Amino acid sequence: MTQKVTPRSKDYFRWYTDVIQKAELADYAPVKGCMVIRPYGYALWENIQQGLDRRFKATGHVNAYFPLFIPESFIRKEAEHVEGFSPELAVVTHGGGKKLEEPLIVRPTSETIINAMYAKWVRSWRDLPILINQWCNVVRWEMRTRLFLRTTEFLWQEGHTAHATPEEAEEEALRMLDVYADFAENDAAIPVFKGRKSDAERFAGAVRSYTIEAMMGDKRALQAGTSHNLGDNFARAFGTQYLDRNNELRYVHQTSWGVSTRMVGAIIMVHGDDQGLILPPKLAPYQVVIVPIWHDEEEKARVLATVETITGQFGEAVRYKVDDREEYSPGWKFNEWEMRGVPLRLEIGPRDVAEGQVVLARRDIGGREGKSSASMEGLVGIVQEMLDKIQANLFARALKFREDNTREPTDYEEFKAAVENGFARSYWCGSAECEATIKEETRATIRCIPFDQDGKKGKCIYCGREATEKAIFARAY
RNA sequence: CGGGGUGUAGCGCAGUUGGCUAGCGCGCAGCGUUUGGGACGCUGAGGCCGGAGGUUCGAAUCCUCUCACCCCGACCA
């Protein structure tokens, strides 16, 4: 399996799929559009889960689990929602050898079934807010699939909250977008634009959708997380009402927000290089790989004894892997673990043992430049410091790349060139016609209308009418 | 759904003017020598050539039909 991957510079998408399979993150499943997430990929996902779950808990959310099957009639209750999701539903028509009275939908998302329950649970203003998240799988029958980025079945978390007022729901939607952005930038080392979706890109059934958008290594955009203010759309469809302090019956206002295994794809595409993966230390299954080197049994004993004192030092503070396989040479292992994206490699041979030091090799900086030696004494501190540096460097590098490839074109010709090869930040008049025409002519869509605006006015990049906001346009995954 | 492509050993492929025993590289197993940037030798295991029909003395190879997967578009986290 550990053959070289197609160079990223040569064929970006081949590189992407090669890396996933050769690094053993995932493999194609026997069912079209589905993938098997292998232990190494799943460990990465578990770290993503932990990073997010910790933040959800810290903002007052609790986890729960709702069923996989949703009665077909539920999906129909919210008009825009049914229209948005119908084409991609998997439907169960038989169970236990008999045709079902009512077909069951395999959840594509859980707004409907959760609202059916919330409608039961909510009676009084005292029952609010409900702040529930669930970790689960969902199924969307997409025509075109790509490992991690879009699979028929995928793993995600979906938060579903219910609030007394529109203001609280809005506040919640924005809070969770901040949580996502914080996770993306600090844990995944992926810089994101936070902003609002255009109406055309809005979630089916939402009042407003917010998103974090990231630039991949091929300069295309990827929506890395979304947060929706659902208003009272689902509450009206499901009759989710409560009595307020004045004994008046009111609909709840809701949000939903999600991050999926797509985040794994984002990490691969943002940080990887020709050698393969580069994983951010905060999420890497192994932060450090230790490669012991020896020539004979006597050296082996000494080297491994030293390795043991090091791993003893690491304890729980560092996630490490000792690669003491005898069937591979050190050089082979170096290449293997670089391909698998381990942020830091520690080499220990007889020379190091004699000198009381180890060799450190950074994954983010190749060749000699990334190598240094460190004393065995207090190594854990040095390693942690270096992991922090790598984390910071990955973010800085990704940010610079995004900035270098985000342009502010002054006319439509420049705009077309810009979205050909990066992001364009341009005034947009807000009309769906301009948006649709741009999409048709350039294949670029509005990724978001960033919160970060300069407050100035300008002319729409397409029609020239007055515009008050700039949008990020790009080709997207 | 439209367009393109691929199915032969675990992986990557060759073989396809029909021809006898289906081959190569990597990987895998055993033994030995190796090990600081993808080591080497020897021995060996592993195939109803995607499936079904047909043509033929003879089919991986020709014909028909099917199935699966990948890539490019439209749809989407």
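Predicted model: local features only at pLDDT ≥ 70, side-chain atom pairs only at ≥ 80, totals over all residues.

Me: How much space lies in the second largest pocket?

Reply: A pocket is found on a 1 Å grid over the protein atoms alone, as an open set of points with protein on both sides within 12 Å along at least five of seven lines. Grid points are joined across faces, edges and corners, and the volume is the space filled by probe spheres set on the points. For the second largest pocket that space is about 400 Å³.

Me: Which residues lining the second largest pocket are the closest to its centre?

Reply: Lining residues have an atom within 4 Å of a point. The second largest pocket has 26 of them, and the closest to its centre are Asp273, Arg363, Asp364, Ile365 and Gly366.

Me: Which element gives the largest share of the lining of the second largest pocket?

Reply: Helices (H or I, at least four residues) and strands (E, at least two) are DSSP runs, numbered from the N terminus. Two or more lining residues come from each of α8 (262–271), α10, β17, β18 (357–362) and α12 (379–404). The largest share, 4 residues, belongs to α12.

Me: Which residues are the closest to the centre of the largest pocket?

Reply: About 1,300 Å³ of space lies in the largest pocket. Its lining has 40 residues, and the closest to the centre are Arg140, Glu142, Arg150, Gln223 and Arg262.

Me: From which domains does the lining of the largest pocket draw at least three residues each?

Reply: Domain bounds come from an automatic or database domain assignment. For chain A this gives domain 1 (12–271), domain 2 (288–387) and domain 3 (406–474). The lining of the largest pocket draws at least three residues from each of domain 1 and domain 3.

Me: Which residues are the closest to RNA strand B?

Reply: A residue is near a strand if one of its heavy atoms lies within 4 Å of it. By this rule 41 residues surround RNA strand B. The closest are Arg144, Arg150, Arg262, Arg345 and Asp352.

Me: Which element gives the largest share of the surface near RNA strand B?

Reply: At least two residues of this surface come from each of α10 (330–339), β17 (344–348) and α11 (350–355). The largest share, 7 residues, comes from α10.

Me: What is the distance from a polar side-chain atom of glutamate 338 to a base nitrogen of RNA strand B?

Reply: A polar contact is a pair of N or O atoms within 3.5 Å (within protein, one must be able to donate a hydrogen and the other to accept it, and residues adjacent in sequence count only if both atoms are side-chain atoms). For glutamate 338 and the base nitrogen, the distance is 2.7 Å.

Me: How much space lies in the largest cavity?

Reply: A cavity is a set of points where a 1.4 Å probe fits but cannot get out. The structure holds 1 cavity of 30 Å³ or more. Pro191, Met215, Met216, Gly217, Val270, Ala398, Phe401 and Arg402 line the largest cavity, and its space is about 50 Å³.

Key: Residues numbered from 1 in each chain as written. Chains lettered and ligands numbered in written order. Heavy atoms only, no water.
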